[in-house]
Structure formats: C-alpha cells, structure tokens
Amino acid sequence: MSAVIIARHARTPAERFKDAAWVGFVALLLGIPMVGLTTVDQGGALTVQTRFGMLGAFVGASFVGRFIFRWIMDQVRNRRAAKPAVAKVDRTPQAIKVIGWAVLGASIALPIAFSENRYVIDTATTVLIYVMLGWGLNVVVGLAGLLDLGYVAFYAVGAYTYALLFSHFGWTFWEALPVAGAMAATFGILLGYPILRLRGDYLAIVTLGFGEIIRVILVNWTELSNGPNGIGSIPRPTLFGLPFDRNPTEGTQSFATFFGLEFSGMHRIIFLYYLILVLALLTNVFVSRLRKLPVGRAWEALREDEIACKAMGMNVTNVKLSAFAIGAMLGGFAGVFFAARQGFISPESFTFTESATILAIVVLGGMGSQLGVVLAALVLVLLPELGRNFSEYRMLLFGTAMVLIMVWKPSGLLASREPTIRLNKATAAGGQS
Amino acid sequence: MSTATLLSVENLTMRFGGLTAIDDLSVSVPAGKITAIIGPNGAGKTTFFNCLTGFYKPTTGSVRLVHPKKGEMRLETMTGHRVARDAQVVRTFQNIRLFPKMTVLENLIVAQHNFLQDASRFSIAGIFRLPGYRKAEAEALKTAAHWLHRLGLTDIADVAAGDLPYGTQRRIEIARALCVDPVLLCLDEPAAGLNPRESAELNTLLLSLCREEGIAILLIEHDMSVVMNVSDHICVLNYGRKIAEGTPEEIRNDPQVIKAYLGEDDEETASGGIAA
C-alpha cells in the first residue's frame with residue numbers, strides 16, 4: 001500500500017489543476033443551497049434571495065485552497081520519501097512518559113494559576129470527569145474489545161445511587177462512594193450475563209438498549225427517581241468532614257473557619273477539581289496495574305482472539321464479566337462525583353449522546369491508551385468550549401476536527417501499545433534512562 | 001504397542017443436522033507417542049479435534065482421558081476451557097490463532113493465565129505486588145523463557161506476534177500451547193504453509209517433545225514428509241469413518257488408504273487428488 005504511494009510520480013500542475021477543479025465543482029454543488037441562497041425577512045414575509053458573489057468567492061476559495069493544500073501535501077511527501085528510512089528508533093514510549101508527566105504537572109498547577117477564574121476550573125473539572133469515564137470505558141472497549149454503547153447507564157447508576165442514599169438515608173459522599181461503585185459493578189454484571197455470547201454489532205445494539213432502558217426507567221419510575229424532575233439539593237463532598245459552607249451550622253466548623261481563611265466560593269470549586277483529579281489518578285493507577293496482571297492480559301487476549309483464549313484454558317465468561325464489572329464500577333464512581341458536583345441530577349444528563357462522547361474519547365485517543373484518553377477528552381471537551389465564538393458553526397468545526405483526526409490518525413491519537421511484560425527487563429530499563 | 005493408553009475415543013459421532021461429520025469413530029492415543037490423523041479434506045479431522053477439546057459437544061460417544069496425575073476424565077462432558085485447564089489437553093489451530101497485537105512473550109504468559117490468576121488472588125495480591133504473586137510471575141516468566149529458547153524465539157520475544165512471518169507464528173502457537181503444560185498436545189496442521197526446511201525443523205521439534213518431555217502428540221497433517229517421518233501410529237479418516245489404522249509402513253501400503261487418496265476409478269479422483 002505505502003509502496004504504491006511512494007512509487008507514484010509527483011503530480012503535474014495539470015493534474016493538480018484538475019483535482020482542484022473537481023473540488024471546486026463539489027463546492028459549487030454544496031454551495032448553491034448553503035451559500036448561494038439565503039432567506040430575508042421582507043415586511044414580515046420570508047423571501048429567498050440569491051448571493052452569487054458570495055457563492056463565487058466560496059467556490060474560488062475551495063479551488064485555490066485545494067490547489068495549495070495538494071501542493072503542500074506533495075512537498076511533504078517528496079521530502080519524506082527523500083529521507084532515508086534507516087535507524088528509526090521508536091521513541092514513542094519515552095515521549096508518552098514525558099507528555100504524561102507534563103500533563104500531570106499542568107493539571108496540579110492549574111487551580112493555582114487560575115485560582116480566581118471559575119470558568120477555567122469548572123471546564124477543567126468537566127474534562128477530568130470525561131477522562132475518568134474514558135479510563136473506565138477503556139477497560140471494556142479498549143482492553144477487552146467489547147463495544148459498549150450504553151456506558152452512560154453505569155454513570156447514571158452511580159449518580160442515582162448517591163442521590164437516593166442521601167435523600168432516603170442521609171448518607172454522605174464518602175459513605176456512598178464505595179456503595180455506588182459496587183452497585184454499578186453489579187449492574188455491569190447484570191448487563192454482562194445476557195450478552196456473553198454476543199459480539200461486534202449485536203453487542204453494540206444490546207448495550208445501547210441497556211443504556212436507554214436505565215434512562216427510561218429513571219424517567220418513568222417516579223416513586224423511585226422523581227422522574228424527569230430529578231433529584232436536587234444533593235450535598236457537596238466535605239474535606240474530612242469540613243463542609244465548604246459560608247455559614248456552618250451552629251457548633252460545627254467549615255473549611256474556611258477551620259483554616260482561618262476568609263470564605264470564598266472558589267474554595268469549593270478548587271476542592272472539587274482536586275477531588276476529581278485524585279479520583280481520576282487513582283483510576284489510572286488502578287487500570288494500569290490491572291493491565292499488567294493476568295486479568296488485564298486476559299482482557300487484551302480476549303480482544304485479540306476469543307477462541308484462542310478458550311483453547312488456553314481461560315474462563316472467557318469470567319474475563320468478560322470482570323471487564324464489565326470493573327468498567328462499570330469506575331463509571332459509577334464518576335457518577336457519584338457528578339451528582340455531588342452538580343447538586344442536582346435528572347435523567348436528561350444521561351442520554352445516549354453522553355455514551356457516544358465517552359466512546360469517541362476512547363476511540364479518538366487510541367484504543368487502550370491511557371494518555372490518549374486524556375488528550376482526546378481535552379480535545380472533545382475543549383473544542384466545543386473554544387468554539388463558542390463561532391456560535392452555530394461550533395458543531396461543524398467540532399465534526400471537522402474529529403474527521404481530520406481520524407483521517408490523519410486512523411487508530412487514534414496515541415495508538416502505540418506498550419507490552420505489559422518484557423523478557424529482557426535490563427534492556428527495557430536501559431532504553432528508558 | 002505395550003504403552004498405556006492416554007486417550008481413548010469410543011463410538012464418537014458428531015452430527016450437524018443431517019450431516020454426519022464423524023461416524024462411530026473409535027481411536028486410542030498411546031501415552032508418550034505421536035499419533036497422526038490423516039485423511040482427505042472434509043474427512044472430519046478438525047471436527048474430531050473440536051470434539052476432543054470441548055469446542056463441540058459430540059452427539060454420542062465418549063472421550064476418556066487417563067490423566068497421569070488426576071486419573072480418568074471424560075472430556076466430552078467438559079466445556080471448552082476446562083479441557084485445557086483441568087485435563088491439560090491443549091490444541092493449536094489450522095488457521096493460526098495468536099494474539100497478534102501482544103508480544104510473543106505476552107502470548108506465552110497469557111497461556112499461563114490460570115496459574116497466574118490463582119496466584120494473584122482475585123488480583124488483590126497482584127495490585128499490591130505481594131511476594132507470592134511476584135514469585136508466581138517470575139516462575140511463569142521462566143517457563144515462557146524456557147519454551148522461547150527451545151523453539152528459537154528468544155530474540156523476538158518482545159515483538160508483536162502479528163508482525164512476524166508465518167512460519168514463526170506457527171512455532172509461537174506451539175510454544176504457547178506448551179506453556180499450558182499439556183499432557184496431550186493436539187496440533188491441527190502444524191506444517192501448513194511451512195517450507196521444506198521449516199517442515200524438517202518441525203519434525204525434529206515434535207520428536208524431541210515426545211521423546212524428551214514425554215508429551216503425547218496428536219497430529220492432523222497433510223504434509224506426508226512430516227506424517228511419515230514422525231508418527232508412531234497413524235489413523236486414516238474418510239467421510240467421518242476410520243478406514244485404516246497402523247504404523248506408517250502399514251498405512252503406506254493399505255489399499256483402502258490409497259483408494260481414499262487417489263480414488264478407485266476415474267470417478268472419485270477429484271476430491272482425493274487435491275488432498276494428496
């Protein structure tokens with residue numbers, strides 16, 4: 001495949017012209033309805049007006065843009081072909097390590113740098129929730145290779161478990177966290193059982209259905225979940241029992257009074273940020289460790305070849321269920337945090353779009369790659385945020401970016417896989433230093 | 001012929017709807033020897049393997065294994081992974097089934113999953129890297145290193161299995177099966193796609209596994225240079241029935257076998273001719 005491309009002769013100007021002309025033609029076809037025609041309000045009635053000048057500019061820009069783009073691509077390709085392809089040392093593992101530490105450093109320093117900017121920290125918290133969800137789903141999709149389109153169900157189970165435990169029994173965040181994780185894991189196994197024999201498309205459809213079932217139950221079982229009205233006034237997490245209130249109840253202390261600080265609403269925002277950072281990091285350590293254990297290797301082996309797993313004497317049922325349970329548990333933890341941060345949850349927060357976003361993060365990041373998930377979550381959460389200035393073109397921009405990433409990096413941003421064990425540890429260690 | 005029987009298959013029948021893939025087959029596999037199953041394409045050889053290793057449930061018949069340590073076992077009642085885990089009857093596949101993105105070493109470590117999984121105590125000992133787990137991991141690594149060395153794979157241990165040439169992948173698959181610690185190793189066409197030199201190496205390997213390690217081998221193979229040189233005992237199938245059984249010399253001269261492979265008259269030449 002690649003040999004064919006290298007062997008191909010450089011394009012002649014005529015060929016480039018023809019190529020660009022084609023693009024211009026397509027732009028014209030698309031442009032007539034999108035650019036060439038517009039509706040104008042004339043005395044209360046909508047009339048259609050033509051904008052041929054603008055259409056011409058659009059087509060011209062497409063033509064010239066394509067011509068230049070093609071030329072640059074050819075230059076890049078020629079230069080690459082000219083370079084000798086020898087002694088190319090794969091430095092990806094080291095690079096990943098450096099980037100990983102840099103990202104960690106930046107995420108710790110962020111609230112210090114932006115201690116007064118609520119918007120930045122709130123957005124960063126959202127990114128971290130998605131990172132954590134991505135790491136959880138990565139176990140199921142990236143490692144075990146089981147396509148799960150209903151992951152948001154576990155997120156919802158976690159969130160609702162906390163909300164209900166609080167509203168009925170007054171449980172706090174820290175008490176509810178492990179219970180909600182266990183609850184979500186149970187639901188993971190419940191989902192896992194009926195779909196043990198399914199694979200690929202069929203698995204995806206059933207998981208999609210499961211996600212919807214949970215949401216529909218939450219909407220309709222009003223006695224349990226308060227239906228579409230949701231559950232409100234969920235308490236925020238405390239720091240070892242110290243709440244972040246302005247006016248602590250009589251006889252108790254709040255974070256501000258305990259440390260003798262002046263009350264600031266930012267304390268809680270920053271605390272929530274660090275809390276999700278710690279939860280996400282624990283998730284990362286947990287999943288990275290599991291990956292190097294027999295379970296983790298079994299997950300990857302399952303992704304590679306289920307029949308071979310059986311022939312090796314592996315209990316495939318257990319392997320699948322453990323992947324679903326662990327993935328669901330991590331989603332449940334993220335759900336508890338989500339409920340505590342928002343203070344209010346309703347079924348609307350757990351639609352299919354969420355599942356799709358989390359899956360997109362895993363796929364875009366490179367299946368199975370931990371750092372890839374971080375980068376993809378940054379891209380997928382920040383792009384729509386940064387694009388706010390472009391108002392209605394925001395989602396167009398977002399879609400274009402996703403398509404471009406998939407064109408240039410078909411297997412995700414970070415697709416390289418680090419072996420879980422090496423025969424010669426000495427050389428591996430030597431290579432890293 | 002005085003050696004003990006390791007596996008005895010009695011009156012095995014496997015039907016798929018109206019098709020009888022294996023018809024009342026009885027075979028016995030002696031311990032510590034190489035037994036070959038040959039026959040034209042579609043004779044039911046791979047189906048026979050699938051019945052032995054728990055991938056299919058035979059319609060009728062019994063498969064008894066006399067395990068050297070655990071005593072008698074009935075393989076036809078066991079599900080897929082138990083045959084490999086408990087009875088230690090391990091197979092390879094006609095079309096190679098490795099874990100392509102994992103390294104060669106990882107493939108061999110995955111094969112020791114049950115041993116390591118027990119040592120990791122529901123992953124808790126593993127997560128905290130307790131000494132018991134570390135010891136088990138070192139042991140698994142040693143086993144893997146041993147077979148890597150034996151099959152000449154040490155240099156490529158840390159390369160993704162899927163990136164390696166076909167002949168090497170065949171060897172990896174055998175090495176991986178050996179890591180499960182088999183009492184009976186079932187190889188489904190291990191010489192398919194190998195060049196003559198690789199086939200000769202395979203012969204040496206199979207003989208040494210059998211003579212030195214005492215592993216009984218059950219072999220499906222079309223390559224007669226392998227079958228005739230290594231087998232102690234050959235069983236010929238055609239249309240799901242056993243048509244002949246004996247030493248390589250006997251099989252070579254058996255009229256039934258010649259008929260199955262070359263056809264009797266001009267009528268049946270097509271199916272037999274391709275396989276031979």
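Biologist: What separates the centres of domain 1 and domain 2 of chain A?
Modeller: 41 Å, taken over C-alpha atoms. Domain 1 of chain A is 2-82 and domain 2 is 92-408. Domain bounds come from an automatic or database domain assignment. This is a predicted model: local features need pLDDT of at least 70, side-chain atom pairs count only at pLDDT 80 or more, and totals for chains, interfaces and linings use all residues. Residues are numbered from 1 along each chain as its sequence is written, while chains are lettered from A and ligands numbered from 1 in the order in which they are written.

Biologist: Why are H2(A) and H3(A) called roughly antiparallel?
Modeller: The axes of H2(A) (residues 13-36) and H3(A) (residues 52-82) cross at roughly 150°. Angles over 145 degrees count as roughly antiparallel. H2(A) and H3(A) are therefore roughly antiparallel to each other. Helices are DSSP runs (H or I, at least four residues). Axes are lines fitted to C-alpha atoms over the stretch in contact, and angles run from 0 to 180 degrees between N-to-C directions.

Biologist: Which residues make the contact of H2(A) and H3(A)?
Modeller: Among them are A:Ala20 and A:Gly24 of H2(A), and A:Phe58 and A:Arg66 of H3(A). Two residues are in contact if their C-beta atoms, placed from the backbone, lie within 7 Å.

Biologist: How many residues of chain A are in contact with chain B?
Modeller: 26 residues of chain A, with 31 residues of chain B. H12(A) gives the largest share of the chain A side, seven residues.

Conventions. Helices (H or I, at least four residues) and strands (E, at least two) are DSSP runs, numbered from the N terminus. Angles under 35 degrees count as roughly parallel, over 145 as roughly antiparallel, 65 to 115 as roughly perpendicular and the rest as oblique.
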